[in-house]
Amino acid sequence: MTFQTVLYAIAIGYLLGSIPFGLLLTRAVGIDIRSIGSGNIGATNVLRTGNKWLAAATLLLDATKGAAAVLIARYLLGSENAAIIAGLAAFAGHIFPIWLRFKGGKGVATYIGVLLAWNWIVGLIFCAVWLVIALARRYSSLAAITAAATSPIFAYVVPGTGDLMLPAACGLMSVILMMTHWQNIHRLWKNTEPKIGEKKKVTQDN
């Protein structure tokens, strides 16, 4: 893989990943999502508007842009490593979008989309782990952290994932995702984390 291919993969991934669908969708209905809840542009915070369809659309689009980055890079650049790099760039673009002064979402939905495009089995396992924890505990952040913590393991043991690059990429995204959730982790420890569907006042958790 050439240096030029790496640059193309990064550009494809970052530009797609940095599209702030949560902000665009809420603005379309006259809401500034940055003034609600945590101020985050992700689907969990969009759900705090009370509009479940808007939250579902945000989740789907944020996941789709991650998957699209991987699939486009794989098709245009003809390299699985380029597809992995594009996925990482899409994930980074969602969290650090240049259009919003590098203040984006926490990356869960985009992580899911990227993972499904990298290896759909590992992606479905991530979703299953998230769903089980979310239903059992009703904490979106705890579900995301748990799923992210286990995904590098599944990326390593699931047949067909190839060399260590995929588990390493999953591990990198998981570390970054946990860093974006550090305030959630603190609130979980203090038992003050809002549960799924609950509204809360604006904080500095951006």
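**View 1. Glu 193 and Arg 187 join side chains in a salt bridge, 2.7 Å from N to O.** A salt bridge here is a side-chain nitrogen of Lys or Arg within 4 Å of a carboxyl oxygen of Asp or Glu. Glu 193 is buried at 8% relative accessibility. Arg 187 is buried too, at 14%. Buried means under 20% relative accessible area, exposed over 50%, partly exposed in between (1.4 Å probe, protein chains only). This is a predicted model: local features need pLDDT of at least 70, side-chain atom pairs count only at pLDDT 80 or more, and totals for chains, interfaces and linings use all residues. Residues are numbered from 1 along each chain as its sequence is written, and side-chain values use heavy atoms, with hydrogens and water left out.

**View 2. Arg 74 forms a salt bridge with Glu 80.** The closest N and O atoms are 2.7 Å apart. Arg 74 is partly exposed, at 26%. Glu 80 is partly exposed as well, at 39%.

**View 3. Arg 34 pairs with Asp 32 in a salt bridge.** Their closest N and O atoms lie 3.4 Å apart. Arg 34 is partly exposed at 37% relative accessibility, and Asp 32 is partly exposed at 32%. The salt-bridge count comes to four.

**View 4. Tyr 111 sits in the largest nonpolar core, which has 28 residues.** Such a core is a set of buried Ala, Val, Leu, Ile, Met, Phe, Trp, Tyr and Cys residues joined through side-chain atoms within 4.5 Å. Tyr 111 touches residues including Phe 91, Phe 126, Cys 170 and Leu 177 (contact: heavy atoms within 4.5 Å). Another core, of eight residues, lies apart; Leu 23 and Leu 100 are among them.

Key. Lists of a residue's contacts leave out its neighbours within four places in sequence.
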